[in-house]
Amino acid sequence: MDASRSGPGGCTVSRTNTVVACAAHACVVIDYDAGTTELRPTSNAATAMGGVVVGLPDTVLMWGTVEQSAAPPEPARIPMRWRIAAVPVVLATAAVWAAGRRRNRFSRLVRLACSGRDLPPATESQARYAVRAVRWAAQLLPMRWACLEDSTAAALLLVLVRRRAEWRHGVALDPVRLHAWIAGPEGEPVEEPADTALYTPTYTPNGPGSTRAGKGARP
């Protein structure tokens, strides 16, 4: 029996919609319906709980510290048409964030980020302009606006121009941390710091699971 179904916007989800991301010493269980994350020791019970299993590379302990450039970034060029289009998209994303039950906020944004799954893929420049324009438009929003909201709005902006966004949600270890971002055509993070490479994707527009060669393929 097929263990998947089609959710809103054409986003494929599993029945449990849960990812079990495991390294040698720990598993991170992410429930994309409930929006919960749980850390467990790696065991047969953890990997057999029914979710999609994603392997995490064993990493050197970093304690969340990464070297960053002290030089201020150069102002990013954003075509005016992208700025104009980003304003209603950011407002729409904020409305989805605020509407409905708070406990379902995470899953609402995940589904919205996956909504352009069947469209032609965005080019690198389109993805870059979308991310830049959304960040520009969101500067004055009086609400929490972090990586999930940011990447979801960028994905929605690409849907507006009839392009698929390679949206990613992933996990890194030591310490456990989650991140959401937009990837380019070859899988490279768009407008993201270098440490984004430490995150293993656990959810894409194709549903729960990691990626291969940045194409959103299930393992």
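The side chains of Glu 124 and Arg 128 meet in a salt bridge with an N to O distance of 2.9 Å, the term denoting a side-chain nitrogen of Lys or Arg within 4 Å of a carboxyl oxygen of Asp or Glu. The two residues are separated by about one helical turn, because they stand four residues apart in helix α4. Helices (H or I, at least four residues) and strands (E, at least two) are DSSP runs, numbered from the N terminus. An α-helix has 3.6 residues a turn, so residues three or four places apart point the same way. Glu 124 is partly exposed at a relative accessible area of 39%, and Arg 128 is partly exposed at 22%; here buried means under 20% relative accessible area, exposed over 50%, and partly exposed in between (1.4 Å probe, protein chains only).

Arg 128 also forms a salt bridge with Glu 191, whose closest N and O atoms are 2.7 Å apart. Since Arg 128 lies in helix α4 and Glu 191 in the loop between β8 and β9, this pair ties together parts that are 63 residues apart in sequence. Glu 191 is partly exposed, with a relative accessible area of 25%. Arg 135 pairs with Asp 150 in another salt bridge, with 2.8 Å between the closest N and O atoms. That pair links distant parts of the chain, Arg 135 being in helix α4 and Asp 150 in helix α5, 15 residues apart. Arg 135 is partly exposed at 31%, whereas Asp 150 is buried at 10%. Through shared partners, salt bridges join Glu 124, Arg 128, Arg 132 and Glu 191 into one network. The structure holds ten salt bridges.

## Model and overall architecture

The model is predicted: local features need pLDDT of at least 70, side-chain atom pairs count only at pLDDT 80 or more, and totals for chains, interfaces and linings use all residues. Residues are numbered from 1 along each chain as its sequence is written, and side-chain values use heavy atoms, with hydrogens and water left out.

The secondary structure comprises five helices and ten strands. Of the 219 residues of the protein, 50% count as buried. Among contacts (heavy atoms within 4.5 Å) with a separation of 6 or more, 63% are between residues 24 or more positions apart. The accessible surface comes to about 11,100 Å², and carbon and sulfur atoms account for 58% of this area; the areas come from the Shrake-Rupley method with a 1.4 Å probe, and for residues only the protein chains shown count as cover.

## Nonpolar cores

A nonpolar core is a set of buried Ala, Val, Leu, Ile, Met, Phe, Trp, Tyr and Cys residues joined through side-chain atoms within 4.5 Å. The largest such core has 47 residues, of which Trp 82, Val 90, Leu 157, Trp 167 and Ile 182 touch the most other members. At least two residues of this core come from each of β3 (18-22), β4 (27-31), α2 (80-98), α3 (105-113), α4, α5 (147-160), β7 (166-172) and β8 (177-183). Apart from this core lies another, of five residues, including Val 20, Cys 27, Val 29 and Ala 46.

Leaving aside residues up to four places away in sequence, Trp 82 touches Gln 126, Tyr 129, Ala 130, Ala 133, Leu 157, Leu 158 and Val 161. Helix α3 is mostly covered, with nine of its nine residues buried; among them are Arg 105, Arg 108 and Arg 111.

## Cysteines

Cys 22 and Cys 27 form a disulfide with their sulfur atoms 1.8 Å apart, where a disulfide is a pair of cysteine sulfur atoms within 2.5 Å. By this rule, the count comes to one disulfide. The link of Cys 22 and Cys 27 is right-handed, with 105° about the S-S bond, and both cysteines are buried. Cys 114 is buried at a relative accessible area of 0%, whereas Cys 147 is partly exposed at 26%.

Val 87, Leu 91 and Trp 136 make a nonpolar surface patch of about 260 Å². Patches are made of residues with over 30% relative accessible area and no salt bridge, with like charges joined within 9 Å and nonpolar side chains (Val, Leu, Ile, Met, Phe, Trp, Tyr) within 5 Å. Trp 136 lies in helix α4 (residues 124-137) and is partly exposed at 34% relative accessibility.

Thr 204 is found in strand β9 (residues 200-204) and is buried, at 1% relative accessibility. The C-alpha atoms of Thr 204 and Arg 168 are separated by 5.1 Å, while the two residues are 36 residues apart along the chain.
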